[in-house]
Amino acid sequence: MQTKNKSNGHGETLTAKDFATDQDVRWCPGCGDYSILKQIQTILPSIKVPRENIVFISGIGCSSRFPYYMNTYGMHSIHGRAGAIVSGLKAVNPELDIWMITGDGDSLSIGGNHLIHLLRRNFNLNIVLFNNQIYGLTKGQYSPTSPKGQISKSTPFGSVDRPFNPITLALGSEGTFVARAIDRNPVHMREILSAAHDHKGASFIEIYQNCNVFNDGAFEEFTDKSLKDQNTLYLENGKPLLFDNDSKGIILEGFKPVIVDMDSYSPDDCWIHDEEDKIKASILAEFFDYTEERGKLPRPFGVFYKNQRNTYEQVFQDQIDLYRSKREADLDSLLSGNNFWEVK
Amino acid sequence: MKEPVDESRDEVVIHFAGDSGDGIQLTGGQFTETVELFGNDISTFPNFPAEIRAPIGTLAGVSGFQLKFGSVEVFTPGDRFDVLVVMNAAALKINLKNLKPGGIIIANTAGFDNKNLKLAKYIDGANPLIDHSLDNYQLHAIDITKMTREALKEFGLSVKEVDRCKNMFVLGYVYWMFSQTPDNTIKFIRNKFKKNTEIAEANIKALKTGYNFGDTNETFKTRFRIKAASLPKGKYRNINGNSALALALVAASHKNDLDLFYASYPITPASDILHELSRHKNFGVKTYQAEDEIAAACAAIGASFGGSLAVTGSSGPGIALKGEAIGLAVMLETPMVIINVQRGGPSTGLPTKTEQADLLQAVYGRNGEAPMPVLAASSPKDCFDVAYEACRIAVEHMTPVLVLSDGYVANGSEPWQFPESKDLKEFNIHRPKGDEFVDEQYLPYYRDENHVRPWVVPGMKGYTHRVGGLEKEEKTGNVSYDGNNHELMVKIRAEKIEKIADFIPQQEINRGETGADILILGWGSTFGAIETATKELIEEGLSVAHIHLKYLFPFPSNLGELLKSFDKVVVPEMNRGQLTKLIRDKFLIDAQSISKVKGLPFTVDEIKEQVLKFREYANQK
């Protein structure tokens, strides 16, 4: 892969275009991936990181072609393993600005183990998970986020699997920044991407992304003009949970979220979003499970949870620095050990 | 008191055996250190059960430590023992068959009560210590448990604590027997139990009691003296294979100003490499215990991409899991070292036993045409040289390199004339020279005359580029599905590895002459047994030679010619003939396999016996 070598980000003002490569983007026309690519290219100039310090690492899948289209350092690796590769890279090179690009099959199925440990260790990097609820690159098998009953090539009579809730998984894995965005709301996506980048720790962003070839309309209720207002809830820190053009709100009755009509309630009565409250974040994550039968709740978008914790690479390096200051690194005394003898 | 007769010997084999909780490994380790300091050459072989604490007294729970030491060059821990030390009946039952006729047995009688005899499956509780079945040996039956308890009465320790000291009684006794001083072990004990002086003093008392018991006990007629060996002048230390390997990695990184990143997942018998490396943080060593084997390999790839000397270590089952990632490293052409400390397979197999059955996995075990260099260590100290060389090849040729060790060399130890840091090789690290650009575009797969691309690391300004597992266009590295390009790239990657043969030493004959009737060709941990067998066969008048391979892929460039000078090539391996296959395939030579897959190393006699079957070739001349 090659790079135009003209602008490198030092003292130069880069634009979104500077982050595009000369490679043709080969996603299907109309794919939600285009929007994500565009939003990331748009926010990168504002993060003020030299281009050569930015690295995109992906696994395998449609989403994972992403690094080829970014004029930065990049690696398109193997299925599910981007999480392990970024861990090693960040551990040895903490100053790099690393973006891991992955999908629902890549990180929630074959690479599930790496994702949970990546979040647990809290490397300071960004994880962007494109969730289209289908295997696109392999042409249409159901994925670990496909709803039960999904008709796909491998489930002609409907899937019998229960789907993963990626937000719950990220919270359960001790993620320190857990958010959701959607391809059709670019302004909001850019906000979330920037917030994720600003967070010091592993930032996990699930992005609902429409696969218009194999799973078109999977997120229609959150994007269709006539449906999205009543089905989406945009989270803002310190603000009440209001939706449907502020005509409805959410209150908490104990641990139970209840929808109320704002004609009879004031915003102060509503649940005020607190990004640092993990218990409330867990309840918000569970909105996912409130289907028609349970009393439908809107799907939250935005930052569910954010908290500061030591990053792995920092503690890792601190320990090395400590022992470096305590004991000289003398290779000859290491080789000889303490119990050598001499044959004369 | 009757003075014991001193008997001088060139070499002696001792086998310590007892329950896995009896401190056998520590006893053997201490004896090793002491005779090394005295100046003997030595080779050791710890052999322990897979279970941490198998039921006490059972045959499955027997742990052993064998060593041969001598005034002459020692290559193996020995086939059969001169002295067998057993702490219980099970230990005797398992090991008696390998004791030389007339050999010495030192037995703890407390380990031969009815319960122990039954657990050891002696029929109807027959006690071999009293039923004259051991009349052909020199038996020293001592109630070590009782004597240790008596000696430590005054210490006020619990029975359990006291009983843990009985291995020191045995060690003291054996020191006396071999005219060695207990001083080094006293020093060791003081240091080990720095924080618990009472335990330290109890152990020292037990050690001295055992030593004095030998001195005052009339039953012992012989005391052995083994002179110091005439090893080449220089400084030595004891080293086992896993430690030597770990030190080589630190040395390679330190000498070449590269950060060392070692990613691993716990697995026997490779874990000790992780343990050793994790202690050297003052060298900036980054050890990473990953969530699984695949993650360890992939984290190493990430670290390599990030500019570190990246290493992942495991054993066969773990290497199987790493296979896809290793293929990615081949495809990326990124430097990385993969260590396989082999054990008995397939599957979980024999985790604590040794085998050489992963050679074909190492050479071929990846999807697609994915050649990579494979090196093997032939002894504990050789692990240092091989691992250092693997790092050199990885960095200088921008490729993953696989190092084969095995349980035998990993846990075995020997004296090592360690190098000085100034004598270690410096690597030629390929950085871009500036000619890798076309129209200001950096070409990440622009190669030198050896097909080696530069090592560019994120953070280097002006060189941003993308790499990946998809087939890439020559030079640009852009994704390419073109068939002709793919064939070209497959060929380039293969040639790149083949060219490494020009940058490794020519193969030498370890012992014997070119054109001998029979060549014994080996690789890896069979070195000691083959070398000793060859020496003895030559002394017995046979025309044989020994060649031992360090470079298994690619082979040294003169190997074919060299092999063809011998009438017959025989290949002893702890597998079903894997090197034999590679040799036949590469050189069209009718190599014959000598196979052993019992989880144990070859004995010298086994090799001699098998080689003699090819005597017809020796008789042609």
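Helices (H or I, at least four residues) and strands (E, at least two) are taken here as DSSP runs, numbered from the N terminus. In the predicted model, residues 21-212 of chain B are 41% helix and 19% strand, and the end C-alpha atoms of this span lie 25 Å apart. An unreviewed UniProt entry annotates residues 21-212 of chain B as "domain: Pyruvate/ketoisovalerate oxidoreductase catalytic"; such annotations, given in the numbering used here and with shortened feature names, may be inferred rather than shown by experiment.

Residues are numbered from 1 along each chain as its sequence is written, while chains are lettered from A and ligands numbered from 1 in the order in which they are written. Because the model is predicted, local features need pLDDT of at least 70 and side-chain atom pairs count only at pLDDT 80 or more, whereas totals for chains, interfaces and linings use all residues.

Chain A holds 11 helices and 14 strands, and its C-alpha atoms fill a box of roughly 95 × 50 × 50 Å along the principal axes. Of its 344 residues, 47% are buried, a residue being buried if 20 or more other C-beta atoms, placed from the backbone, lie within 10 Å of its own.

Nine strands form an open sheet with mixed pairing, in the order 9(A)-13(A)-7(A)-8(A)-4(A)-3(A)-1(A)-2(A)-19(B), where two strands pair if DSSP finds at least two bridges between them. Strand 9 (232-234) of chain A and strand 19 (466-468) of chain B stand at the edges, each with a single partner strand, so one side of each is left without a neighbour in the sheet. Within the sheet, strand 7 (residues 177-182) and strand 8 (residues 202-208) of chain A pair in the parallel sense over six bridges, and A:Ala181 has A:Ile207 in strand 8 as its bridge partner.

The two chains also meet through strand 14 (residues 341-343) of chain A and strand 9 (residues 234-240) of chain B, which run antiparallel and are joined by three bridges; here B:Gly234 is the bridge partner of A:Val343. The contact between the chains takes 56 residues from chain A and 67 residues from chain B, two residues being in contact if their C-beta atoms, placed from the backbone, lie within 7 Å. On the side of chain B that touches chain A, helix 11 (residues 293-305) of chain B gives the most, with nine residues.

Notes: A residue is buried if 20 or more other C-beta atoms lie within 10 Å of its own, exposed if 12 or fewer, and partly exposed in between; C-beta atoms are placed from the backbone.
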